[in-house]
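Please open the model in the viewer and keep the selection tool at hand.

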Amino acid sequence: MTETSNHHLDTHGSGAAHGSPPRPTGWHRWTGPGWLRALWTTPAFGFFWIGFACLVRWAAHWHPIWKTVPLVTIGTVSLPLGFLIGIGVFDYWAYYFSGRPTRPEDHSGHGARGWRDYFRPNTDHKVIGLQYLVATGIFFLIGGLLALLARAELAHPGDQYFNPQTFNVLISEHAALMIFAVVVPVFAGLGNFVIPLMIGAGDMAFPRLNALSFWLLPIGGVVMLSGMFAPGGGPSAGWTCYAPLCTHQPMGELFYNMGVQWAGASSILTALNFLVTIITMRAPGMTFWRMPLLVWANFATSTLVVLATPFIAGSQFFVLFDRVMHTNFFETANGGYVLGYQHIFWFYSHPAVYIMILPGFGIVSEVISVMSRKPIFGYRLMALSLLGILILGFTVWAHHMFVSGMAPWLRVPIMITTLLIAIPTGIKIFSWLATMWNGRIHFTVPMLWAVGFIAMFTIGGLSGIYLGSVPIDIMANQTYFIVAHIRRLLLVPEDERAHVQRAAREAPLLGDVHRVQPHLLPHALPRAAGHAAPRRRLREPLRRPEPVHLDRILRPRRLDPDLRLQHGLVVEARRGRRGEPVACAHAGVAGQLAASDLQLRQHPAGRRRPLRVRRPRRPPRDSRHAGPGPGRQLVAWFTSS
């Protein structure tokens with residue numbers, strides 16, 4: 001059990017608990033794990049295997065010995081592996097597999113004690129979460145720059161700055177980066193940070209595998225970007241990389257194929273880690289029906305990733321085989337089946353839409369519940385709707401192929417399943433609205449983004465119902481109506497990252513909503529001016545917290561009311577006085593805390609303190625939240641660590 005994180009449940013994330021790793025000196029600086037070792041292991045490992053391939057071609061009398069396409073393919077595998085060996089992600093496993101005696105774990109690679117710790121493999125889930133968020137932010141900026149260049153070219157008719165081939169490269173790279181290196185992995189970073197905290201786990205189930213999963217992501221993004229500088233031109237077949245078009249593109253298309261493989265491997269390993277963590281590492285008392293909806297959303301997303309991502313990996317492998325090994329999977333002239341690529345590709349890529357959006361559902365559910373001061377309406381139905389989307393998501397892939405020439409008998413069943421998947425998504429919309437109904441809504445910045453999410457997602461979803469119909473889809477094919485549909489849905493999860501940016505204000509949200517609407521719905525109402533909320537509202541002090549009646553929560557579950565707050569979350573309670581810790585951040589307790597209009601404030605003393613429990617002199621003002629009788633009530637102060 002050395003891989004699991006049970007051995008550091010009490011000390012994870014604490015820089016004081018474990019000492020910093022000893023810094024090597026002398027020539028050990030070049031042999032110990034780190035960037036210096038990666039400087040020589042990357043070219044050494046890469047060119048060794050390229051040379052070995054040349055040796056095999058020479059021995060087999062394959063001419064020319066130096067053939068660019070197969071050797072570049074080998075290089076896109078061996079060079080990244082050499083980098084991973086250099087930074088040390090395989091050191092522990094290599095030591096174990098070599099048969100040496102087990103060495104004690106000093107946890108020197110766990111937690112961050114300085115900025116340098118974020119640039120090496122780390123087993124702390126919170127450090128890995130921040131690494132994901134920073135890496136995806138960098139790729140987001142690069143992808144956004146590529147989009148600006150493409151839009152500058154489209155500003156006027158004719159060629160402005162780029163020829164058609166270069167323009168196709170910009171569009172292809174922009175879409176590939178935004179999907180595989182931004183929208184999909186950004187929620188892996190958020191999940192890494194919060195999910196162990198929300199289910200009462202000390203860390204992820206496999207911390208070292210978690211570290212490896214992250215470092216596969218920047219490799220995938222860098223490999224994709226490297227294709228832009230390949231001889232002959234970059235990838236220009238779009239992010240769908242349709243065959244056989246992609247097999248006849250310049251060499252840069254190889255980099256796209258391999259970049260997708262690296263990013264997909266990162267997603268699969270991360271999703272497996274999430275599933276094992278959620279299923280096996282929940283705290284005592286944290287049943288499936290007590291998990292927060294964000295955890296449910298990540299559970300459904302991880303299942304989608306594990307089941308669907310191997311299909312896009314297979315499609316890219318088939319394309320590589322056609323290009324490098326001269327097979328004929330998709331070459332019609334030699335008996336290949338062109339539509340086979342589209343079936344395989346979309347069997348992943350439509351579930352990928354839900355991979356991008358389901359974590360956003362979880363975030364919005366948590367934000368609306370807290371900011372409305374009410375438990376989420378229809379909690380179990382909300383969780384079941386996530387599972388319904390998970391199942392139906394694998395039955396609608398062919399609606400992307402209504403005009404591709406596929407079998408006509410397949411159109412009607414796919415149209416029916418496409419319309420059916422609107423039911424679980426509609427359940428979520430009505431549940432969010434019902435949660436806000438008669439709630440004590442606090443229009444904070446996260447709540448404003450959540451309300452904007454509902455508006456944008458509803459409009460985008462309604463346009464999807466039209467496109468799910470075969471006749472309308474055929475007529476709207478290759479129009480901006482389809483572009484507006486997907487952009488509405490993809491802009492939403494990208495903007496959800498603003499929930500954690502406390503420096504945001506209301507003005508960016510209003511400006512964003514009013515800026516996006518005219519572009520995506522040209523015939524809508526004229527643009528309204530977005531004005532920022534008065535600064536006076538932002539400076540209003542928080543109200544004095546009202547006591548929370550916990551009799552109905554604590555007595556049936558036999559929980560000791562000595563709850564503790566850590567970073568604003570209820571993290572643990574104890575059954576009886578000396579019992580095992582029991583997680584209290586489940587739906588029942590969170591709903592009661594939200595319904596009581598509790599305001600968490602930083603204690604003037606500035607240090608962490610337990611929640612105080614006292615008997616009130618008079619019952620709560622709001623009779624709706626009052627307990628069965630006079631009992632102990634909770635007064636909470638939020639204290640930062």
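Begin with W62, which sits in the loop between α2 (35-59) and α3 (68-87). The model is a predicted one. W62 counts as partly exposed, as its relative accessible area is 47%. Now extend the selection to F48, W49, F52, L55, V56 and W58: together with W62 these residues make up a nonpolar surface patch with about 760 Å² of accessible area.

Select H63 together with P64 to see the cis peptide bond that joins them, with omega at about 0°.

Before moving further, display the whole chain. Its secondary structure amounts to 20 helices and 6 strands. The chain has 641 residues, and 50% of them count as buried. Among contacts with a separation of 6 or more, 75% are between residues 24 or more positions apart. The chain exposes about 31400 Å², of which 66% is supplied by carbon and sulfur atoms.

How many salt bridges does the structure hold? There are 2. For one of them, select R37 and D91, whose side chains meet at 3.0 Å, N to O. This pair links distant parts of the chain, with R37 in helix α2 and D91 in helix α4 (residues 91-97), 54 residues apart. R37 is buried, at a relative accessible area of 10%, whereas D91 is partly exposed, at 24%.

Next, select R120 and D117. Their side chains form a salt bridge at 2.9 Å, N to O. Both residues of this pair, R120 and D117, are buried.

Proceed to helix α7, residues 207-226. Its 20 residues reach 30 Å from the first C-alpha to the last, close to the 28 Å expected at 1.5 Å a residue. Why is α7 described as largely enclosed by the rest of the structure? The reason is that 18 of its 20 residues are buried.

Follow the chain from there into the loop between α7 and α8 (252-280), where P244 is located. The peptide bond leading from A243 to P244 is cis, with omega near 5°. C241 is found in the loop between α7 and α8 as well. Although C241 is not a glycine, its phi is positive, at about 55°. C241 is buried, with a relative accessible area of 0%.

The next selection is T327, in the loop between α9 (293-324) and α10 (338-371). At 24% relative accessibility, this residue is partly exposed. Leaving aside residues up to four places away in sequence, T327 touches F318, F321 and D322. A polar atom of the T327 side chain lies 3.2 Å from the backbone oxygen of F321.

Move on to S365, in helix α10. Is S365 buried or exposed? S365 is buried, with a relative accessible area of 3%. Residues up to four places away in sequence not being counted, S365 touches L293, I376, M382 and W432.

Finish at R373, in the loop between α10 and α11 (379-392). R373 has a phi near 60°, a positive value in a residue other than glycine. Its relative accessibility is 8%, so R373 counts as buried.

Key: Residues numbered from 1 in each chain as written. Predicted model: local features only at pLDDT ≥ 70, side-chain atom pairs only at ≥ 80, totals over all residues. Heavy atoms only, no water. Patch = residues over 30% accessible without salt bridge, like charges linked within 9 Å, V, L, I, M, F, W, Y side chains within 5 Å. Areas by Shrake-Rupley, 256 points an atom, 1.4 Å probe, with all protein chains shown as cover. Salt bridge = Lys/Arg side-chain N within 4 Å of Asp/Glu carboxyl O. Helix = DSSP H or I, 4+ residues; strand = E, 2+ residues; numbered from the N terminus. Buried < 20%, exposed > 50% of the residue type's maximum accessible area, 1.4 Å probe, protein only. Expected span 1.5 Å × (residues − 1). Contact = heavy atoms within 4.5 Å. Polar contact = N/O pair within 3.5 Å; in protein donor to acceptor, adjacent residues only side chain to side chain.
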